[in-house]
Amino acid sequence: MRSNRSSFARAAGLPRMDEDLRERIRREAEANALFNALKHESDAQVGAILGPLMGANPEFREHGDEVAGVVAPVVERVNGLDEAEKRARLDEIAPERLAELESEDEGEEHPLPDLPNADDYEEIRMRCAPNPNGPWHIGHGRMPAVIGTYKERYDGWMLVRFDDTDPETKRPDLDAYDAILEDVDYLGFEPDEVVKASDRMETYYEHARELIARGGAYTCSCPGEAFSELKNAGEACPHREKDVETVREEFADMVAGEYSSGEMVLRVKTDIEHKNPALRDFVAFRMVDTPHPREEASDYRCWPMLDFQSGIDDHLLGITHIIRGIDLQDSAKRQRFVYDYFDWEYPEVVHWGHVQVDAYDVTMSTSTIKEKIAAGELDGWDDPRAPTLQSVRRRGIRGNAIVEAMVDLGTSTSDVDLAMSTVYANNRDIVDDETPRAFLVRDGFDARDGDADADYEAVELPVSGGPDSAHPPVHPNHEDRGTRDIPVGDAVLVEADDVPSEGARVWLKGYGPVRFEDGALVYTDDDIDVVREEGVDVVQWVPAEDNTRVRLRRMDGDVHGYAEPGYADYEPDDLVQFVRVGFARYDREDDEETVAYYAHS
């Protein structure tokens with residue numbers, strides 16, 4: 001059921017949009033529309049404007065249903081200007097955006113900021129370090145998108161390192177290793193090397209022994225709560241001053257599996273009075289009773305903590321630049337203590353904020369998605385409702401549409417919002433020119449929440465007096481691609497909303513003009529001018545007999561319908577634009593129907 005945004009806002013006590021806010025939206029929308037139109041040398045589109053507008057101004061989102069109505073007339077006004085007028089107006093209201101545009105025209109501007117001290121390194125080496133506890137959600141795609149873009153820009157080197165040294169809390173999913181590499185490939189990048197941390201345990205042990213020999217670590221059997229009290233008080237644990245030989249022997253027993261989970265840890269000596277308690281004598285290794293799911297690593301019981309493992313690997317694998325979340329600033333500080341013991345140079349670090357994705361009711365969380373799949377609330381990782389890369393890939397959205405949207409978010413330390421409308425606009429730019437058209441008459445909607453906001457019904461109407469077949473173009477902008485041959489037969493199906501009133505005319509798309517008389521569509525001799533000059537509606541249709549039954553899987557539910565007969569000849573992964581419906585990816589034949597996945601309008 002469609003909601004009335006203003007009524008809902010009043011009922012819920014949400015603030016209504018005042019004139020000051022409307023004016024702010026108009027200003028921001030005008031600058032974005034001018035920039036968009038000049039950059040793409042075409043008319044600005046409302047959908048392409050809304051995504052960046054809402055992402056850069058999160059305060060607009062609570063008025064989301066009203067914003068489009070404010071933006072649309074602004075975009076229409078911008079599209080009425082010629083190029084010189086657009087440039088002059090952009091220079092007047094947002095000169096920095098015009099400068100950005102002109103820099104891009106000159107090839108001087110990159111979508112991402114320069115990496116710090118990039119000129120100091122012979123080769124830029126960066127890493128994606130996923131925890132393979134499940135396939136990637138959309139937010140995970142930001143890291144390979146940005147690192148892959150930097151790799152291309154600097155002709156650098158890219159590592160995918162699976163940080164899989166937590167067999168218990170974030171237990172690796174054996175299928176996730178390949179699934180993540182498939183996602184990296186989907187986004188358009190190829191790692192120069194792939195490493196599993198669980199294959200490198202002896203390397204971590206070797207460096208732990210060296211750290212012990214340098215007096216930088218000690219074994220500790222304090223209960224966790226007791227150590228926390230000492231740490232928070234800035235007091236040293238009684239085990240801190242153990243002699244090196246004792247620590248070496250007890251660590252050897254840890255490696256041999258002589259202790260149970262929680263019985264013994266190896267700590268890095270830092271500053272027990274450091275102003276940040278999180279940096280005081282942190283754990284480098286702990287005991288885990290749960291075997292690792294990989295057979296090659298299943299015998300290990302003494303496992304490194306992520307800060308130790310990652311820090312060692314970053315140095316040994318020559319990483320020059322690390323990108324990590326702003327919430328992981330302490331990780332860099334902990335690792336610097338280890339680097340100081342080994343006299344290593346710490347890599348350059350870029351911290352960024354979190355990314356959130358709109359348009360989904362399911363939280364962008366691997367554990368949450370996993371729980372919903374187990375409970376049967378999602379069909380799998382590629383369910384249209386799941387905010388995962390597998391899902392958008394199955395819907396026919398190109399990986400570079402996501403990469404472009406992620407890169408445009410930059411590397412700000414502030415949290416950012418990725419609007420799926422931006423991804424859809426990018427994808428539309430990529431696929432529109434290559435995608436053939438087809439008709440789909442919808443006939444039923446199974447809403448996932450049981451409360452349908454749309455009702456589709458196919459109506460059969462006899463046709464008389466016209467040609468035996470229709471020949472609409474494969475693509476309206478490419479005559480050279482030919483036409484589709486659609487037999488008409490004795491009757492056609494149209495959607496109930498498209499059935500004309502008695503005596504009224506409609507134009508059956510690709511076929512011609514008909515008048516509705518006594519329950520039938522009678523061909524007339526009108527020409528196309530009736531559409532332009534008299535406002536005769538153009539409607540899509542399919543033959544009543546010779547058609548293809550389709551189930552179109554969407555985020556909000558499955559739409560059933562009938563496509564023109566040629567759709568039966570499509571192959572899996574083929575894209576089509578169903579006229580007036582949107583882009584969809586052909587998936588499979590299933591129980592006498594064709595299954596397609598909806599991408600976007």
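Let's start inside the protein, at Cys-128: with a relative accessible area of 2%, Cys-128 is buried (buried means under 20% relative accessible area, exposed over 50%, and partly exposed in between, using a 1.4 Å probe and protein chains only). Cys-302 is buried too, with a relative accessible area of 0%. Before we go on, keep in mind that this is a predicted model, where local features need pLDDT of at least 70, side-chain atom pairs count only at pLDDT 80 or more, and totals for chains, interfaces and linings use all residues. Residues are numbered from 1 along each chain as its sequence is written, and side-chain values use heavy atoms, with hydrogens and water left out.

So what about disulfides? A disulfide is a covalent bond between the sulfur atoms of two cysteines. Here, a pair of cysteine sulfur atoms has to lie within 2.5 Å to count as one, and by this rule the count is zero. Take Cys-302, which is in no disulfide: the nearest cysteine sulfur belongs to Cys-220 and is 14 Å away.

Salt bridges are another story. With a side-chain nitrogen of Lys or Arg within 4 Å of a carboxyl oxygen of Asp or Glu as the test, a search of the whole structure turns up 46 of them. Have a look at Arg-551, which pairs with Asp-558, their closest N and O atoms being 3.1 Å apart. Both of these residues are buried. Arg-551 also forms a salt bridge with Asp-590, this time with the closest N and O atoms 3.4 Å apart. Strands (E, at least two residues) and helices (H or I, at least four) are DSSP runs, numbered from the N terminus. At 22% relative accessibility, Asp-590 counts as partly exposed, while Arg-551, at 13%, counts as buried.

Strand β26 also holds Arg-585, whose partner Asp-573 lies twelve residues away in the loop between β24 (557–563) and β25 (575–578). Asp-573 counts as exposed at 51% relative accessibility, whereas Arg-585 counts as buried at 10%. Salt bridges that share partners join these residues into one network, whose members include Arg-551, Asp-558, Asp-573, Arg-585 and Asp-590.

Finally, move to helix α8 (residues 176–186), where you'll find Asp-178. Asp-178 is exposed, with a relative accessible area of 53%.
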